[in-house]
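Dear colleague,

Please find below the structure that I am handing over to you. My notes on it follow.

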Amino acid sequence: MTQNFEDMLYLFSCGARNLAPDFDHTIDLPGIYKLSSQQGIWCTVFLAIQKLYEKKDLTGDDQYQFCRNLFFKQIAKTTKRREFMKHVIREFSDHQIQYCILKGETLAALYYSPICRISTDTDIFVKQEDRARADGLLKHIGFQKEASADTSHHEVYTHPVGGIVELHQELFDEVQTDLWFHEKVTLTESFQTVQIEQELTIPALGITDGLIFTALHAIQHFLFAGTGIKQLMDMLLYLRCYKDRIDLNRFQELMSYLKYERFIDYCIEIGTHYLGFSEHDFVRLSKEK
C-alpha cells in the first residue's frame, strides 16, 4: 500500500465521521485527489482536508484552493440532482407506489455529511404489482427508458438533471442470485423509514434485509471487479449503526452458508486497522481472526 493510499483512507475515515485528522508528515494533495476521485470518495475526503487547512496543517494554498473549487463544483451538481430526486420520491409516495430506496440516500444518512457521499444513480425497489405504474410515472416526469437485457434485475432510466434511476424488481440479477448467492436472497422484513432531512423521510429495506443487501452488494463488486472503499465504508457504518438491532443469527447463518463470513471479517479488519473503527463497533462472524 502506498503512502498516498493510506493517507486517503485515513482522510476518508475522518471525513465520514467528522474527525480532525492529524499527520506527522506532509500529504501529497494532488495524489490524494487522484486516488479519491478514482474511488468516488473525493468530497468526503475533502471534508477532512478542509480541517487540516483550517488548522494551518496543510501546505500549498494554490493546491488547496484548486481542490476546494473541484469540491464545490461536484457538490453543486449533486445538490441539483438531489433536489430533483426529492420531487421524484414524493411523486412515488403521492401515487401510493410501494417502493423503497436501495443504497444511495439510505446509506448516505450514515455519514456525517450525507451530501458528500456522491452517487450518480438512484436505485428504487418496487413491488411487482406496482412496476407498470412506476414505469409510467418516471416517463411522465421526463425519464428516458434504456434497453435492458432479458436477465436484468432492473430497468434503467436517464434524465438530464435526475441522472440515472435503476428500477429494481429483484435485488440482484439471475446469474448473481443463482451462482453467487444460491437463491438465498429473500426479503423477510417490512420496509423501515429513514430520515434523510428534517422534513423528508424515505422507505428503506428492513434493518437486517438492508444489511444483507449492503454486504452482498460489496461482495458482488468484489467478485466482479473488486470492492471499492466506499462500499466497504457503507457496510461498516451500517454494521456499527444498527449493531444492536440486527438479527445477527440470520446474518451469520446466511454468510456462513454462502461461505462469505471470512470476507466480512476481513472487511472489519481493514476497518479497524485503516479506517479508525474500534473492535467494539462490530461482532465478528468467523471463529478465527
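D135 lies in helix α6, which spans residues 131–141; helices here are DSSP runs of H or I with at least four residues, and strands are runs of E with at least two, numbered from the N terminus. Please note that this is a predicted model, in which local features need pLDDT of at least 70 and side-chain atom pairs count only at pLDDT 80 or more, while totals for chains, interfaces and linings use all residues. Residues are numbered from 1 along each chain as its sequence is written, and side-chain values use heavy atoms, with hydrogens and water left out.

With a relative accessible area of 14%, D135 is buried (under 20% relative accessible area, with a 1.4 Å probe and protein chains only). Leaving aside residues up to four places away in sequence, D135 touches K145, Y157 and L167 (contact means heavy atoms within 4.5 Å). With K145 there is also a polar contact between the two side chains, at 3.4 Å (a pair of N or O atoms within 3.5 Å, one able to donate a hydrogen and the other to accept it).

**The chain as a whole**

The chain has 11 helices and seven strands. Its radius of gyration is 20 Å, close to the 19 Å that the globule rule gives for 289 residues, so the chain is as compact as a globular protein of that length (taken over C-alpha atoms; the rule is 2.2 Å times the number of residues to the power 0.38). Of the 289 residues, 51% are buried.

Yours sincerely

Key:
Buried means under 20% relative accessible area, exposed over 50%, partly exposed in between (1.4 Å probe, protein chains only).
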